[in-house]
Amino acid sequence: MSAAASTPEPLLDVQQLSKRFGGVVASAGVDLRVHAGEVHALIGPNGAGKTTLVAQLAGQVRPDRGRIVFAGHDITHLSPHERARRGLARSFQITRLFRSFDVAGNVALALQAAGSFASPGMTADELLAEIGLADRAGAGIAALSHGEQRALEVGLAIASRPRLVMLDEPMAGMGHDESRRMEALIQRLRARTTVLLIEHDVDAVFRLADRVSVLVSGQIICSGAPDAVRRNSGVIEAYLGEE
Amino acid sequence: MSVLALEQALNGLQFGLMLFLLAAGLTLVFGVMDMINLAHGSLYMVGAFIGAWIVGLTGSFLLGIVGAVLGTAAFGMALESSLLRSLYARDHLSQVLATFALILILNDGTRMLFGNDLPLSAPAALDGPVELLPGLSYPAYRLVIIGAGLVLALSLYLLVVKTRMGALVRAGASNREMATAMGVDIKRLFTVVFGIGAGLCAVAGVLMGPLLAVQVGMGENILILAFVVIVIGGIGSIRGALVGALLVGVVDTFGRTVMQALFREFLPPQMASAAGPALASVAIYGFMAAVLAIRPQGLFPARG
Amino acid sequence: MSPLRRRVALLALAGLLLALPPAMQALGAGYYVSTAGKIVVFAIAATSLNLVLGYGGMVSFGHAAFFGLGAYATGVLVSEGVFNAGMHLLATVALTAFAALVIGAISLRTRGVYFIMITLAFGQMLFYVANSIKGYGGDEGLNIRARSLLGFGLDLKDAPTFYYVALAVLAATLLGLNAFVGSRFGRAIVAIRDDDLRAEALGFATYRMRLAVFVAAGAIAGIAGALSVNQQGYVSPNLLHWTQSGTLMVMVILGGVASLWGGVLGATVLVVLQEALSAYTTHWEFWTGWVLLAVVLFARHGLAGWLAGLAVKKR
């Protein structure tokens, strides 16, 4: 590397991602760079296109144009399970757990899947401890509180020790205490993995994030350190219409 | 050759319009109530039997149709408000089992009341052909069917698009929770929708009776085609049901006749005669598979 | 049920099943042995559907097509003078597995009601094809005079022999299903049934795994079909019709979806019901319909669930 080396290659490099559904433009050329080791937050008002963007990053939706480069490989056309196997994991905005199994069963399944492509993996005990559910291993999913379910949701995503985990509104529908616990969980994730955090709770975002990107009308209008983003006039304007 | 093609096109139109009558009710029930109703074909059979019975008693085809529509609609609404209502909340598998059971009950029940089949012929006044174009004669009865089908299609369109009830149905088809939240009396709406669907089945049953024979089990084969139609057209969409039905009607008719004629040129006779219907079915199902591959929601999806 | 009690119950059941033919013959009711054989054949088919529908969560409405294909594979071979049972097995499995592979590969790209419709469509396509093959009976079906030759002096025309052979196949199927359900693959399939998007996001190759189950189930149904033609001596396109798929589905739902014995229970009850009712009335369909309706409305998890509920209540 030359002495004048600039910022290293981003772990996740999204280039000009575009998607339209009929007459609606959901993504209008999204550029996003997430660097290894950081907690990168993605915020934006309702209707900005966050859901579609996440779906494209996860592989559920094919973009019309653009590229997604992960750890140097073009993953634009890979299926969700292939992305997972390359170390790009995700949690879901609406909790998706395996209801035929208890907590321990869910964890075992995540580890089973991970076992075929990620080693050494976590142990079930490690994972349960990490997400704070060590004493709830035998509980059925229906018996868990909302916060516990969301924690398990995150737990499933990190079971394979992914290089990058996308957390889709992990704090959705949470009260104050539960939110704080989830925040602590995300802070702990720093040591393990890179986090792309999609969240509505702007205060939590500014506490957690190293960098923030703002999505408005299908485009990233601002990306940088939290303070800089907070002061950006375009961002303020976009959010003024919100509350 | 082109006269044959025109004749087949008219046959396809006629069959398609009758299919539409079944598909319209089915797509509404599936779209609005999210229920798989395998017994929908049985309503078609019930309508045909009631109609044939009335015609046998009174000699009047018109009375037969009116009686069949009223009787089947009433029967359908009674069925809906008693039994089917408890299935809305259940999963699709339970609905399949229950409505399959209903087919058994209705088939055998009809057999017990009326026997295995009833005679039904077109009204004598419509027996002869009509000369549409020089060289092209077409049975008057089939023309009446086409006419009736078009009138009903138009009426249904007006009902769904122009009336308040139609708006409610469309809202219900695209978002049931929203419709309930808006205070729509869902229960009564469902019953009426079901009744209309049953009435449409009855019309198709009576009109097709002289052509296809009124017999127990006549509903099963046409039910499958109706499902294919609504999948192609888009579940919950009347417009989709019409387009889908016309497409299926034409493909089916052409498959049976034109393709068979072609095959007769190239294949030994005993293979050709059976190949026609098989090809028609393969064509229809293949068409559905193709639509699903390209546009999985159907041609005119009602749901978002 | 404790493991010991379960083992005792299974042994008792096995004993009863094995003693059935001589017992029936002693009672002068030898006819029922062939009914029992018919039940066993349907039990195998229904169990294979339970694998794909109950555990796999794939509501296949064209499953009877594999049953019918298996019957045709064996039936055609016999009518062409090939009698060796090994050949029949090979041909049956090869044909049905291949058909299931093609149909599954295409259908599993769809979801929900569209999957139901497309499997239905494929089943009907095969039905119409079978209907039009004039050389092998066409819509009238094909009579088969001979049977698969198993060797060891076993004659499948003999009802008790057929019954025992079919029972062995059923036992093997159930053992296989049990092993599968307890295995890692089996757990993954159930997870995929619970939430396939989640499973995929974890890294499971959901499409491939489902396809494997679909093909296995199709092949087992095919074997059931091969047995069926040996029992009935007759194969017809009706075996592939969607109403047959519906009947199999009814057996599974009746017996209990995603339960090991669901297919067996459902097949037994439905066939016994049909046979019993048709002895008294020609309108057995009517009464069968009411029984089924009652089960849907009052026994939500099928008979297996109802029985399990009874067992719990007894404590």
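**Exercise 1. State how many bridges join strand 1 of chain A to strand 4 of chain A, and in which sense the two run.**

Step 1. In this predicted model, strand 1 (residues 12-21) of chain A and strand 4 (residues 65-70) of chain A run antiparallel and are joined by 5 bridges. Strands here are DSSP runs of E with at least two residues, helices are runs of H or I with at least four, and both are numbered from the N terminus; two strands pair if DSSP finds at least two bridges between them.

Step 2. Within this pairing, A:Ser18 has A:Arg65 of strand 4 of chain A as its bridge partner.

Residues are numbered from 1 along each chain as its sequence is written, while chains are lettered from A and ligands numbered from 1 in the order in which they are written. Because the model is predicted, local features need pLDDT of at least 70 and side-chain atom pairs count only at pLDDT 80 or more, whereas totals for chains, interfaces and linings use all residues.

**Exercise 2. Describe the overall form of chain A from its radius of gyration and its box.**

Step 1. The secondary structure of chain A comes to 9 helices and 10 strands.

Step 2. For 243 residues a compact globule would have a radius of gyration near 18 Å, and chain A agrees with its 18 Å; the radius is taken over C-alpha atoms, and the globule rule is 2.2 Å times the number of residues to the power 0.38. Along the principal axes, the C-alpha atoms of chain A fill a box of roughly 50 × 45 × 45 Å.

Step 3. Buried residues make up 42% of the 243 residues in chain A, where a residue is buried if 20 or more other C-beta atoms lie within 10 Å of its own, exposed if 12 or fewer, and partly exposed in between, with C-beta atoms placed from the backbone.

**Exercise 3. Work out which chains touch, and characterise the side of chain C that touches chain A.**

Step 1. Two residues are in contact if their C-beta atoms, placed from the backbone, lie within 7 Å. Among the 2 pairs of chains that touch, chains B and C have the most contacts, whereas no contact joins chain A and chain B, whose closest C-alpha atoms lie 11 Å apart.

Step 2. The contact between chains C and A takes 16 residues from chain C and 19 residues from chain A. On the side of chain C, helix 7 (184-194) and helix 8 (196-202) are the elements that give two or more residues, and helix 7 of chain C supplies the largest share, 6 residues.

Step 3. That side of chain C divides into 8 nonpolar, 2 polar and 6 charged residues, with Ala, Val, Leu, Ile, Met, Phe, Trp, Tyr, Cys and Pro counted as nonpolar, Asp, Glu, Lys and Arg as charged, and the others, Gly among them, as polar.
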